[in-house]
Amino acid sequence: MSQLSEFLANHHQQNIEELKELLRIPSISALSHHKEDVQKTASWIAGKLEDIGMEHVEVIQTKGHPIIYADWLHQNNAPTVLVYGHYDVQPVDPLNLWETPPFEPTIRDEKIFARGATDDKGQLFLHIKAVEALLKLNNKLPVNVKFCIEGEEEIGSPHLPQFLSENKERLACDVVIISDSDMWDKGVPAITYSLRGLCALEFTLRTANTDLHSGSYGGGVQNANHLMVQLLSSLHDATGKVNVAHFYDDVVELTEFEREQMKALGFDEEKLKQSLGLTNLTGGEKDYPFSERVSSRPTLEINGMWGGFQGEGTKTVIPNEAHAKISCRLVNNQQPEAIQGLIQKHLEEHAPKGCTVQVTLQDTGNPFLTPVDSPMIQKAAEAYQNVYGKSPVYKREGGSIPIVSDFNHILDVPVVLMGFGLPGENLHAPNEHFHLENFDKGILTICDFFERIEK
Ligand code: BES
Ligand code: MN
Ligand code: MN
């Protein structure tokens with residue numbers, strides 16, 4: 001056993017106890033009554049970074065939740081790696097579906113169950129543990145390391161882009177490395193080379209200046225819910241394509257090579273149907289296979305719609321107002337703000353006669369796409385190969401990490417997405433968990449990566 005493996009084996013129990021401590025703090029960024037908990041988590045992590053020997057540790061306040069910075073810069077002739085991760089988590093409802101409470105981390109079958117276990121506290125913490133192990137064993141690191149950790153990823157990173165722009169010098173590096181994504185399967189690592197972006201908006205549709213009695217006026221006046229249904233159904237055509245003018249104009253198609261590679265990888269649609277309790281997987285564009293529709297194609301989804309009476313029993317009413325929330329997953333080179341504009345225009349132009357539509361624009365995040373043959377990605381692949389005994393799959397992720405594109409463009413450096421999560425770990429859902437095997441192997445892989453790029 002290598003010195004490092006031995007060290008990690010000896011510290012395994014201690015590391016898990018510390019991870020549990022981190023998972024106990026309910027750092028839900030979306031809920032204002034958890035603001036103190038988010039602060040507390042930032043202080044906890046900053047303290048940990050101090051303890052392991054990182055320098056210039058700072059908790060930087062923003063108008064929202066804090067950013068944590070730390071560095072270790074004593075290798076004059078080696079590259080600098082910037083590690084990004086997020087310590088905020090998603091809300092936990094529905095609470096009654098958790099087998100053990102979300103903020104009481106529990107180990108069952110070699111998995112740790114808690115909100116944030118895989119997204120992203122567990123995956124972030126393994127980087128801290130990798131740095132700790134190398135510093136304890138060697139008194140130095142093979143490369144320069146900077147940490148930039150945020151507490152607002154799950155709410156769209158509203159303050160981090162500005163921080164990047166204003167701190168280019170402090171954050172300067174040769175590569176950004178992030179573990180906030182999935183492996184391909186148990187024992188099969190993956191490097192994610194593409195993320196989808198997103199944009200969101202909501203709107204209100206109005207008809208008369210008041211709700212109306214459906215007996216006195218029914219058959220005579222417009223019903224806001226009916227018009228809403230019409231308007232929403234105009235957003236897709238019969239083949240499942242998004243029916244908004246110019247929506248697809250900037251979409252970069254898959255290369256033949258990528259398409260072949262995706263096919264070769266295969267995807268078990270039967271197994272997915274089983275696990276989701278579905279009879280078919282026919283959402284989205286009919287002309288594209290499932291694996292492409294959930295990764296390399298853009299989408300438009302109705303996330304919420306409401307209007308009229310929703311209480312107990314019957315109410316004979318014609319509602320004068322209806323509401324909907326829409327969001328899109330975007331791919332390169334779609335511009336989130338431009339797409340919002342196209343959708344707004346569509347809604348205003350297709351609003352049925354006799355109603356008004358009032359649109360509120362919400363979050364945006366850029367998509368990300370990077371070549372898989374870049375030197376840093378190749379080093380990451382070698383590190384995976386060395387630890388897992390298997391070269392990684394290159395995959396496109398359908399989810400979003402909006403700040404990735406900003407790291408890439410603002411700092412002008414490659415970003416490597418080395419995930420240690422597994423599909424099915426219930427991120428954002430009840431019973432989120434993280435396989436401890438990948439916590440341990442993740443630490444080894446990150447140490448290996450650092451040593452590999454030293455040269
Ligand atoms: N870590 C996820 C992104 C992700 C999801 C990676 C699935 C791999 C597999 C990230 O924390 C996330 O949830 N992103 C949000 C961003 C949004 C809140 C702006 C998403 O994709 O919905
Ligand atoms: Mn995440
Ligand atoms: Mn998430």
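Which strands does helix H6 (residues 224–233) lie across? Helix H6 lies across E9, E11, strand E13 (321–330) and E14. The model is predicted.

**The four-strand sheet**

- Here 4 strands form an open sheet, and their order is E11-E13-E9-E14. The pairing is antiparallel.
- Strand E11 (299–307) and strand E14 (356–365) stand at the edges. Each has a single partner strand, so one side of each is left without a neighbour in the sheet.
- Neighbouring strands of this sheet are turned by 15° against each other on average, direction ignored.
- Strand E9 (residues 197–206) and E14 run antiparallel and are joined by 8 bridges.
- Within this pairing, Leu198 stands opposite Gly365 in E14.

- Helix H6 runs at about 15° to E13.
- Helix H10 (residues 336–350) also packs on the sheet and touches E9, E11, E13 and E14.
- The direction of helix H10 makes about 165° with that of E14.

**The three-strand sheet**

- Another open sheet has 3 strands in the order E4-E5-E18. Its pairing is antiparallel.
- Strand E4 (106–108) and strand E18 (433–435) are the edge strands. Each pairs on one side only.
- From one strand to the next, the twist averages 25°.
- E4 pairs with strand E5 (residues 111–113) over 3 bridges, in the antiparallel sense.
- Thr106 has Phe113, in E5, as its bridge partner.
- Helix H13 (residues 436–453) packs on this sheet and touches E4, E5 and E18. Its direction makes about 55° with that of E18.

**The manganese site**

- The manganese ion (ligand 2) is coordinated by His86 through NE2, and by Asp119 and Asp180 through OD atoms. The distances are 2.0 to 2.5 Å.
- Why is the arrangement around the manganese ion (ligand 2) irregular? The 6 donor atoms subtend angles of 56 to 167°, which makes it irregular.
- The donor residues of the manganese ion (ligand 2) follow the spacing H-x32-D-x60-D in sequence.
- Asp119 bridges the manganese ion (ligand 2) and the manganese ion (ligand 3). The two ions lie 3.6 Å apart.
- Asp119 lies in the loop between E5 and helix H3 (121–138), and Asp180 in the loop between strand E7 (175–178) and strand E8 (190–195). The pair therefore ties together parts that are 61 residues apart in sequence.
- Asp119 and Asp180 are both buried.

Terms used: Residues numbered from 1 in each chain as written. Chains lettered and ligands numbered in written order. Predicted model: local features only at pLDDT ≥ 70, side-chain atom pairs only at ≥ 80, totals over all residues. Heavy atoms only, no water. Pairing = 2+ DSSP bridges. Helix = DSSP H or I, 4+ residues; strand = E, 2+ residues; numbered from the N terminus. Axes fitted to C-alpha atoms, helices over the stretch in contact; angles between N-to-C directions. Contact = heavy atoms within 4.5 Å. Donors = N, O, S within 2.8 Å, 3.2 Å for Na, K, Ca; no water. Tetrahedral: all angles 85-135°; square planar, octahedral: opposite > 155°, others 65-115°. Buried < 20%, exposed > 50% of the residue type's maximum accessible area, 1.4 Å probe, protein only.
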